Amino acid sequence: MTKRGFLLGKFMPPHAGHVSLCRAAAELVDELTILVCSMPNDAMTGDQRMAWMREIVPNARIVSVCRDVPQYPEESPDFWPIWTQIVREFHPDPIDFLFAGEEYGKQLAEQIDGVFIPLGARILEADQSALGGVSGTDIREDMAKHWRWLPTPVRRDWVKVIALHGVESVGKSTLAQQLAEHLDTPFVPEYGRSHCEVHGNDLVPADLELIAACHQAMIEAAKEWSGPVLISDTDWLMTRAWNQWLFDAPLSGPNYPIADLYLYLPPALQWVDDGTRMVGDDADRLRFDAICRDELSAKGARVAVLDGPPNKRIDLALQAIAAL
């Protein structure tokens, strides 16, 4: 005989408590339905939360409802009839187990003739420093503080990408390493440098398209392991600048997402030839720098200018990241 389970929640956002509840419930039934509940003016869309839940619990049936309905019994005498009807609408078959981590589950289970299974630590007010104490409200108020309680799909979508921007030999790679160490997060190295070290500097437009795509793919792949911010040593906007400099033409190919913040380093340091750098003449550097700045402006990017000696740049960068 098929055992059917049901649970509902806002999942705004899904966190470790939700994940443990849902995955434990899935182990106890043959069919689990999860109802993602949202209201029209919620801080996060129901579609986004539904996508997260489908990735987090792929073996469950995920459905969603977006309605302006009472959230607590004291808000309306019709609270229980309203929610009983919603549950019946999205799960017309009999429900064997009603799973919840809070006491409302007992009353709701009685309304739908199911057995209440009080999973998790919240009902007992146990494990308050970990799964039993984490809440969506706390996470929304301070994402970074509660980062470890977010599942991978949520982290990936919430990571703030910080990209270093500027011409050659201005200290981007050094600063990227310093910031990553300070913020305890990985950084994405410049793919273009790897490409040129392997294939040489004799580039054609197709190389620039490939460089942009590869670097963006590296950013996306690193998000799974990132902290709240991910440092990237340049991104596709620098590749666009290179394409304009080398070929006097816009970069072909798709438009990728722009970073949440660009840390722009002016050409104040002396150019050093490391074997792959190409623009060493002072006048050329200034012209190339203007192209780099134009790319940021054209995309309406959020920019922090890190002007001054290297030991001052990291402080300016950290201030800009904190403001973000």
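This is a predicted model: local features need pLDDT of at least 70, side-chain atom pairs count only at pLDDT 80 or more; totals for chains, interfaces and linings use all residues.
1. The buried residues of helix 9 are Asp207, Leu208, Ile211, Ala212, His215, Gln216, Ile219 and Ala222. They span an arc of only 165 degrees around the axis, which puts them on the same side of helix 9. Against them pack strand 6, strand 7, helix 8 (191-199), strand 8 and helix 10.

2. Lys223 sits in the loop between helix 9 (205-222) and strand 8 (229-232). Is Lys223 buried or exposed? Its relative accessibility is 12%, and the cut-off for buried is under 20%, so Lys223 counts as buried. Leaving aside neighbours within four places in sequence, Lys223 is in contact with Arg156, Val159, Val161 and Leu230.

3. Helix 11 (residues 282-298) has 17 residues, and from its first C-alpha to its last it reaches 24 Å, close to the 24 Å expected at 1.5 Å a residue. Its buried residues are Arg285, Phe288, Asp289, Ile291, Cys292, Glu295 and Leu296. Seen down the axis of helix 11, these fall within an arc of 160 degrees, so they line one face of the helix. The cover over the buried residues of helix 11 includes strand 6 (160-165), helix 10 (236-247), strand 9 (261-264) and strand 10 (303-305).

4. Which exposed residues does helix 11 carry on the face turned away from its buried side? They are Leu286, Asp294, Ser297 and Ala298. Just after helix 11, Gly300 takes a positive phi of about 65 degrees.

5. The largest pocket has a volume of about 1,000 Å³. Of the 33 residues that line the largest pocket, the closest to its centre are Gly9, Lys10, Glu102, Tyr104 and Arg122. The elements that give two or more residues to this lining are strand 1 (4-9), helix 1 (16-28), helix 3 (79-90), helix 4 (104-112) and helix 5 (136-141). Helix 1 provides the largest share of the lining, 5 residues. By residue class, the lining of the largest pocket divides into 17 nonpolar, 12 polar and 4 charged.

6. The largest cavity has a volume of about 50 Å³. Lining the largest cavity are Lys10, Cys37, Ser38, Met39, Val65, Arg67, Val69, Gln71, Trp83 and Ile86. Strand 2 (31-38) and helix 3 each supply at least two residues of this lining. The residues of the cavity lining divide into 6 nonpolar, 2 polar and 2 charged. Lys10 belongs to the lining of the largest cavity and is also one of the residues closest to the centre of the largest pocket.

7. Arg61 lies in strand 3 (residues 61-66). With a relative accessible area of 40%, Arg61 is partly exposed. Not counting residues up to four places away in sequence, Arg61 touches Leu32, Thr33, Ile34, Phe90 and His91. Arg61 and Leu35 are 26 residues apart in sequence, and their C-alpha atoms are 8.5 Å apart in space.

8. Some backbone geometry deserves a check. Most residues other than glycine have a negative phi, and most peptide bonds are trans. Where does the chain hold a cis peptide bond with omega near 0 degrees? The bond from Met12 to Pro13 is cis. Pro13 lies in the loop between strand 1 and helix 1.

9. Two aspartates in loops have positive phi values. For Asp113, phi is near 60 degrees, a positive value in a residue other than glycine. Asp113 is found in the loop between helix 4 and strand 5 (115-118), and with a relative accessible area of 66% Asp113 is exposed. For Asp184, phi is near 55 degrees, again a positive value in a residue other than glycine. Asp184 lies in the loop between helix 7 (172-183) and strand 7 (187-188). Asp184 is exposed as well, with a relative accessible area of 69%.

Definitions and conventions: Residues are numbered from 1 along each chain as its sequence is written. Side-chain values use heavy atoms; hydrogens and water are left out. On a 1 Å grid over the protein atoms alone, a cavity is a set of points where a 1.4 Å probe fits but cannot get out, and a pocket is an open set with protein on both sides within 12 Å along at least five of seven lines; lining residues have an atom within 4 Å of a point. Grid points are joined across faces, edges and corners, and a volume is the space filled by probe spheres set on the points. Helices (H or I, at least four residues) and strands (E, at least two) are DSSP runs, numbered from the N terminus. Ala, Val, Leu, Ile, Met, Phe, Trp, Tyr, Cys and Pro count as nonpolar, Asp, Glu, Lys and Arg as charged, and the others, Gly among them, as polar. The expected span of a helix is 1.5 Å times one less than its number of residues. Buried means under 20% relative accessible area, exposed over 50%, partly exposed in between (1.4 Å probe, protein chains only). The arc is that of the directions from the helix axis to the C-beta atoms. Contact means heavy atoms within 4.5 Å.
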